[in-house]
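Student: Could you walk me through this structure and show me how to read its features?
Tutor: Gladly; let us look at it together.

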Amino acid sequence: MFADIHLHSQYSFDSQELMENQVKRAVETGLPVMCFTDHIDWDFPIPEMIFDYDVDQYMEEIASLQERYSSRIRILKGVELGMQPQLGDRYRELLQKYPFDYAISSQHLVEKKDPYYPEIFEEYGDAGVFRKYFEETYENLQAFHDADTLGHLDYVVRYGQNGAGEYSFRRYGEIIDEILKLLIRHDIALEVNSAGIRKGLGFPNPHPDVIRRYRELGGKLITVGSDAHVSEDVGRDFPLLEQILKAAGFTETCYFVERTPVFLKI
Ligand SMILES: [Zn+2]
Ligand SMILES: [Zn+2]
(Lines give C-alpha, C1' and ligand atoms only; values in the text may rest on other atoms or scores of the structure.)
(Ligands and ions follow the chains in the order given, each with its own letter.)
Protein backbone atom coordinates (compact mmCIF):
# COMPACT_ATOMS: atom_id res chain seq x y z
CA MET A 1 0.00 0.00 0.00
CA PHE A 2 1.25 3.45 -0.93
CA ALA A 3 0.50 7.04 -0.03
CA ASP A 4 0.24 9.34 -3.07
CA ILE A 5 2.24 12.36 -1.96
CA HIS A 6 2.82 14.19 -5.23
CA LEU A 7 -0.46 15.74 -6.37
CA HIS A 8 -1.47 18.95 -8.10
CA SER A 9 -4.69 20.95 -8.22
CA GLN A 10 -5.93 24.27 -9.60
CA TYR A 11 -3.43 26.03 -7.33
CA SER A 12 -0.76 24.94 -9.82
CA PHE A 13 -0.49 27.01 -13.00
CA ASP A 14 -0.54 23.83 -15.09
CA SER A 15 -3.58 22.15 -13.51
CA GLN A 16 -7.27 23.00 -13.51
CA GLU A 17 -8.32 20.12 -11.26
CA LEU A 18 -10.37 20.95 -8.17
CA MET A 19 -8.77 19.82 -4.93
CA GLU A 20 -11.94 18.01 -3.96
CA ASN A 21 -11.88 15.94 -7.17
CA GLN A 22 -8.36 14.78 -6.29
CA VAL A 23 -9.57 13.80 -2.82
CA LYS A 24 -12.61 11.95 -4.14
CA ARG A 25 -10.48 10.01 -6.59
CA ALA A 26 -7.92 9.14 -3.92
CA VAL A 27 -10.72 7.83 -1.67
CA GLU A 28 -12.16 5.77 -4.57
CA THR A 29 -8.73 4.33 -5.28
CA GLY A 30 -8.43 3.27 -1.64
CA LEU A 31 -5.38 5.36 -0.80
CA PRO A 32 -4.82 5.79 2.96
CA VAL A 33 -2.88 9.06 2.63
CA MET A 34 -2.53 11.84 0.06
CA CYS A 35 -0.54 15.04 -0.02
CA PHE A 36 -1.14 18.11 -2.18
CA THR A 37 2.13 19.46 -3.57
CA ASP A 38 1.18 22.39 -5.76
CA HIS A 39 3.96 24.10 -7.69
CA ILE A 40 5.90 27.05 -6.38
CA ASP A 41 8.46 27.69 -9.09
CA TRP A 42 9.48 31.31 -8.54
CA ASP A 43 11.43 33.18 -11.24
CA PHE A 44 10.17 30.77 -13.87
CA PRO A 45 11.87 31.82 -17.12
CA ILE A 46 8.64 32.03 -19.11
CA PRO A 47 7.07 35.19 -17.66
CA GLU A 48 3.49 34.32 -18.55
CA MET A 49 3.75 31.07 -16.58
CA ILE A 50 3.31 31.98 -12.93
CA PHE A 51 3.91 29.05 -10.62
CA ASP A 52 2.81 30.72 -7.40
CA TYR A 53 -0.36 31.01 -5.30
CA ASP A 54 -1.86 32.36 -2.11
CA VAL A 55 -0.48 29.91 0.44
CA ASP A 56 -2.89 31.04 3.20
CA GLN A 57 -5.85 30.24 0.99
CA TYR A 58 -4.22 26.94 -0.02
CA MET A 59 -3.78 25.93 3.61
CA GLU A 60 -7.37 26.90 4.45
CA GLU A 61 -8.82 24.87 1.62
CA ILE A 62 -6.80 21.81 2.59
CA ALA A 63 -7.86 22.24 6.24
CA SER A 64 -11.50 22.26 5.23
CA LEU A 65 -11.04 19.09 3.12
CA GLN A 66 -9.19 17.43 6.01
CA GLU A 67 -12.20 18.09 8.20
CA ARG A 68 -14.76 16.83 5.73
CA TYR A 69 -12.86 13.69 4.72
CA SER A 70 -11.18 12.84 8.03
CA SER A 71 -12.90 9.45 8.34
CA ARG A 72 -11.95 8.40 4.81
CA ILE A 73 -8.41 9.57 4.08
CA ARG A 74 -5.51 11.45 5.63
CA ILE A 75 -4.84 14.63 3.64
CA LEU A 76 -1.51 16.43 3.98
CA LYS A 77 -0.20 19.85 3.02
CA GLY A 78 2.85 19.91 0.79
CA VAL A 79 4.58 21.92 -1.87
CA GLU A 80 6.76 21.22 -4.91
CA LEU A 81 9.59 23.75 -5.11
CA GLY A 82 11.32 24.35 -8.45
CA MET A 83 15.02 24.68 -7.66
CA GLN A 84 17.19 27.53 -8.92
CA PRO A 85 20.46 28.69 -7.37
CA GLN A 86 19.15 32.10 -6.27
CA LEU A 87 16.01 30.77 -4.55
CA GLY A 88 17.42 28.89 -1.56
CA ASP A 89 16.89 31.61 1.05
CA ARG A 90 13.42 32.48 -0.18
CA TYR A 91 12.37 28.81 -0.08
CA ARG A 92 13.82 28.38 3.41
CA GLU A 93 11.75 31.37 4.58
CA LEU A 94 8.63 29.95 2.94
CA LEU A 95 9.08 26.62 4.70
CA GLN A 96 9.54 28.39 8.03
CA LYS A 97 6.56 30.65 7.58
CA TYR A 98 3.94 28.01 6.70
CA PRO A 99 3.16 24.69 8.38
CA PHE A 100 3.79 22.45 5.37
CA ASP A 101 3.92 18.74 6.13
CA TYR A 102 6.13 18.06 3.19
CA ALA A 103 8.33 19.71 0.58
CA ILE A 104 9.60 18.30 -2.71
CA SER A 105 12.65 19.79 -4.43
CA SER A 106 12.43 19.47 -8.19
CA GLN A 107 14.68 20.43 -11.04
CA HIS A 108 12.42 21.65 -13.86
CA LEU A 109 14.93 23.70 -15.86
CA VAL A 110 18.17 23.36 -17.79
CA GLU A 111 20.16 26.57 -18.19
CA LYS A 112 17.00 28.50 -17.27
CA LYS A 113 15.10 26.88 -20.11
CA ASP A 114 12.10 24.59 -19.79
CA PRO A 115 13.08 21.26 -21.43
CA TYR A 116 9.42 20.67 -22.23
CA TYR A 117 10.19 22.84 -25.28
CA PRO A 118 12.65 21.50 -27.92
CA GLU A 119 14.93 24.59 -28.04
CA ILE A 120 17.51 23.42 -25.48
CA PHE A 121 17.73 19.97 -27.12
CA GLU A 122 18.45 21.58 -30.48
CA GLU A 123 21.39 23.35 -28.87
CA TYR A 124 23.04 20.52 -26.90
CA GLY A 125 21.49 17.26 -28.13
CA ASP A 126 19.74 14.82 -25.82
CA ALA A 127 22.88 13.53 -24.09
CA GLY A 128 24.18 17.05 -23.50
CA VAL A 129 20.91 18.25 -22.00
CA PHE A 130 20.61 15.16 -19.79
CA ARG A 131 24.12 15.72 -18.41
CA LYS A 132 23.48 19.41 -17.74
CA TYR A 133 20.23 18.53 -16.01
CA PHE A 134 21.97 16.16 -13.59
CA GLU A 135 24.78 18.62 -12.95
CA GLU A 136 22.35 21.44 -12.18
CA THR A 137 20.31 19.14 -9.92
CA TYR A 138 23.47 18.36 -7.96
CA GLU A 139 24.51 22.02 -7.70
CA ASN A 140 21.05 23.11 -6.62
CA LEU A 141 20.87 20.40 -3.97
CA GLN A 142 24.23 21.45 -2.61
CA ALA A 143 22.90 24.97 -2.13
CA PHE A 144 19.41 23.98 -0.95
CA HIS A 145 18.96 20.68 0.86
CA ASP A 146 16.04 21.70 3.05
CA ALA A 147 13.27 19.78 1.31
CA ASP A 148 12.15 16.28 2.31
CA THR A 149 12.53 14.54 -1.02
CA LEU A 150 14.02 14.97 -4.48
CA GLY A 151 11.22 14.85 -7.06
CA HIS A 152 11.44 12.81 -10.29
CA LEU A 153 15.27 12.62 -10.45
CA ASP A 154 15.63 11.90 -14.20
CA TYR A 155 12.54 13.91 -15.27
CA VAL A 156 14.36 15.54 -18.20
CA VAL A 157 14.54 12.27 -20.16
CA ARG A 158 10.78 12.48 -20.70
CA TYR A 159 11.48 15.24 -23.20
CA GLY A 160 14.50 13.90 -25.12
CA GLN A 161 14.11 14.19 -28.88
CA ASN A 162 14.81 10.45 -29.02
CA GLY A 163 12.85 9.82 -25.85
CA ALA A 164 15.03 8.07 -23.31
CA GLY A 165 17.14 6.53 -26.10
CA GLU A 166 20.31 8.31 -24.97
CA TYR A 167 19.70 7.67 -21.30
CA SER A 168 20.86 4.90 -19.02
CA PHE A 169 22.03 4.90 -15.43
CA ARG A 170 25.40 3.58 -16.60
CA ARG A 171 25.94 6.51 -18.94
CA TYR A 172 25.41 9.12 -16.20
CA GLY A 173 26.31 6.89 -13.24
CA GLU A 174 29.04 9.12 -11.90
CA ILE A 175 26.93 12.24 -11.51
CA ILE A 176 23.80 10.33 -10.46
CA ASP A 177 25.87 8.63 -7.75
CA GLU A 178 26.90 12.05 -6.45
CA ILE A 179 23.25 13.13 -6.30
CA LEU A 180 22.21 9.94 -4.49
CA LYS A 181 25.04 10.23 -1.97
CA LEU A 182 24.10 13.84 -1.29
CA LEU A 183 20.49 12.80 -0.64
CA ILE A 184 21.61 10.11 1.78
CA ARG A 185 23.98 12.51 3.57
CA HIS A 186 21.21 15.03 4.14
CA ASP A 187 18.39 12.52 4.89
CA ILE A 188 16.51 13.60 1.80
CA ALA A 189 14.23 10.92 0.40
CA LEU A 190 14.24 9.71 -3.19
CA GLU A 191 10.88 10.11 -4.88
CA VAL A 192 9.59 7.45 -7.25
CA ASN A 193 7.24 9.31 -9.58
CA SER A 194 4.89 7.23 -11.72
CA ALA A 195 4.27 9.95 -14.35
CA GLY A 196 7.17 8.73 -16.50
CA ILE A 197 5.27 5.52 -17.14
CA ARG A 198 2.21 7.23 -18.57
CA LYS A 199 4.25 9.87 -20.39
CA GLY A 200 5.70 7.28 -22.72
CA LEU A 201 8.93 6.27 -20.99
CA GLY A 202 7.50 3.00 -19.72
CA PHE A 203 9.39 3.46 -16.45
CA PRO A 204 8.98 5.78 -13.48
CA ASN A 205 11.33 8.65 -12.66
CA PRO A 206 13.88 7.71 -11.67
CA HIS A 207 14.59 4.58 -13.70
CA PRO A 208 14.57 1.30 -11.70
CA ASP A 209 18.37 1.06 -12.11
CA VAL A 210 18.68 4.33 -10.16
CA ILE A 211 16.31 3.06 -7.47
CA ARG A 212 18.42 -0.08 -7.08
CA ARG A 213 21.58 1.98 -6.95
CA TYR A 214 20.13 4.21 -4.21
CA ARG A 215 19.54 1.12 -2.09
CA GLU A 216 23.03 -0.22 -2.82
CA LEU A 217 24.48 3.06 -1.55
CA GLY A 218 22.50 2.71 1.68
CA GLY A 219 19.43 4.81 0.84
CA LYS A 220 16.35 4.00 2.93
CA LEU A 221 13.84 6.80 2.35
CA ILE A 222 11.50 6.30 -0.60
CA THR A 223 8.48 8.48 -1.32
CA VAL A 224 5.89 7.71 -3.97
CA GLY A 225 3.73 9.99 -6.08
CA SER A 226 1.66 10.01 -9.24
CA ASP A 227 2.24 13.72 -10.00
CA ALA A 228 -1.43 13.77 -11.06
CA HIS A 229 -2.57 17.07 -12.58
CA VAL A 230 -5.99 15.53 -13.37
CA SER A 231 -7.99 13.26 -11.12
CA GLU A 232 -7.86 10.14 -13.30
CA ASP A 233 -4.10 10.00 -12.71
CA VAL A 234 -4.26 9.86 -8.90
CA GLY A 235 -2.52 6.68 -7.75
CA ARG A 236 -1.80 5.77 -11.38
CA ASP A 237 0.48 2.75 -12.03
CA PHE A 238 1.13 2.12 -8.35
CA PRO A 239 1.02 -1.70 -8.80
CA LEU A 240 3.98 -1.39 -11.17
CA LEU A 241 5.85 0.83 -8.67
CA GLU A 242 5.23 -1.80 -6.04
CA GLN A 243 6.87 -4.47 -8.22
CA ILE A 244 9.84 -2.21 -8.96
CA LEU A 245 10.40 -1.26 -5.32
CA LYS A 246 10.10 -4.84 -4.08
CA ALA A 247 12.49 -6.03 -6.77
CA ALA A 248 14.97 -3.38 -5.60
CA GLY A 249 14.70 -4.77 -2.06
CA PHE A 250 12.55 -2.09 -0.41
CA THR A 251 9.91 -3.16 2.11
CA GLU A 252 8.59 0.26 3.07
CA THR A 253 8.05 3.77 1.76
CA CYS A 254 7.37 6.93 3.71
CA TYR A 255 5.22 10.02 3.76
CA PHE A 256 5.80 13.14 5.81
CA VAL A 257 3.76 14.70 8.58
CA GLU A 258 5.06 18.00 9.94
CA ARG A 259 8.23 17.37 7.97
CA THR A 260 8.88 14.03 9.72
CA PRO A 261 8.83 10.68 7.92
CA VAL A 262 6.14 8.12 8.73
CA PHE A 263 6.80 4.64 7.34
CA LEU A 264 4.32 2.50 5.48
CA LYS A 265 4.89 -1.17 4.66
CA ILE A 266 4.68 -1.89 0.96
ZN1 LIG B 1 7.82 18.42 -11.09
ZN1 LIG C 1 4.64 17.77 -9.82
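Tutor: We begin with axes, which are lines fitted to C-alpha atoms, for helices over the stretch in contact, with angles running from 0 to 180 degrees between N-to-C directions. Helices (H or I, at least four residues) and strands (E, at least two) are DSSP runs, numbered from the N terminus. This is a predicted model, where local features need pLDDT of at least 70, side-chain atom pairs count only at pLDDT 80 or more, and totals for chains, interfaces and linings use all residues. Residues are numbered from 1 along each chain as its sequence is written, while chains are lettered from A and ligands numbered from 1 in the order in which they are written.

Student: How do the axes of helix H4 and helix H5 cross?

Tutor: The axes of H4 (residues 119-143) and H5 (residues 173-185) come within 9 Å and cross at roughly 25°. Angles under 35 degrees count as roughly parallel, over 145 as roughly antiparallel, 65 to 115 as roughly perpendicular and the rest as oblique. H4 and H5 are therefore roughly parallel to each other. A crossing is left-handed if the near helix is turned anticlockwise from the far one by less than a right angle, and right-handed if clockwise; H4 passes H5 in a left-handed crossing.

Student: Which residues meet between H4 and H5?

Tutor: Two residues are in contact if their C-beta atoms, placed from the backbone, lie within 7 Å. On the H4 side you find Phe134, Glu135, Thr137, Tyr138, Leu141 and Gln142, and they meet Ile175, Ile176, Glu178, Ile179 and Leu182 in H5.

Student: Now the strands. In which order do the seven strands of the sheet lie?

Tutor: Two strands pair if DSSP finds at least two bridges between them. Here the order is S1-S2-S3-S4-S5-S6-S7, in an open sheet with parallel pairing. Strand S1 (4-7) and strand S7 (222-225) are at the edges with a single partner strand each, so one side of each has no neighbour in the sheet.

Student: How many bridges join S6 to S7?

Tutor: Four bridges link S6 (residues 189-193) to S7, and the two run parallel. Leu190 has Ile222 of S7 as its bridge partner, and Asn193 has Gly225. Elsewhere in the sheet, strand S2 (residues 33-40) and S3 pair in the parallel sense over eight bridges, with Asp38 partnered by Val79 in S3.

Student: How do I tell whether a residue is buried or exposed?

Tutor: Count neighbours: a residue is buried if 20 or more other C-beta atoms lie within 10 Å of its own, exposed if 12 or fewer, and partly exposed in between, with C-beta atoms placed from the backbone. In strand S3 (residues 74-82), eight of the nine residues are buried, so S3 is largely enclosed by the rest of the structure.

Student: And what about the two faces of a strand?

Tutor: In a regular strand the side chains alternate between the two faces of the sheet. S7 is covered on both faces, with Ile222 and Val224 buried on one side and Thr223 and Gly225 buried on the other.

Student: Which residues of helix H8 are buried?

Tutor: In H8 (residues 238-247), Leu241, Ile244 and Leu245 are buried. The arc is that of the directions from the helix axis to the C-beta atoms. Seen down the axis of H8, the buried residues fall within an arc of 95°, so they line one face of the helix. They pack against S6, helix H7 (208-216) and S7. The face turned away from that buried side carries the exposed residues Pro239, Gln243, Lys246 and Ala247.

Student: Where is the cis peptide bond?

Tutor: The cis bond runs from Asn205 to Pro206, with omega near 0°. Pro206 sits in the loop between helix H6 (195-201) and H7.
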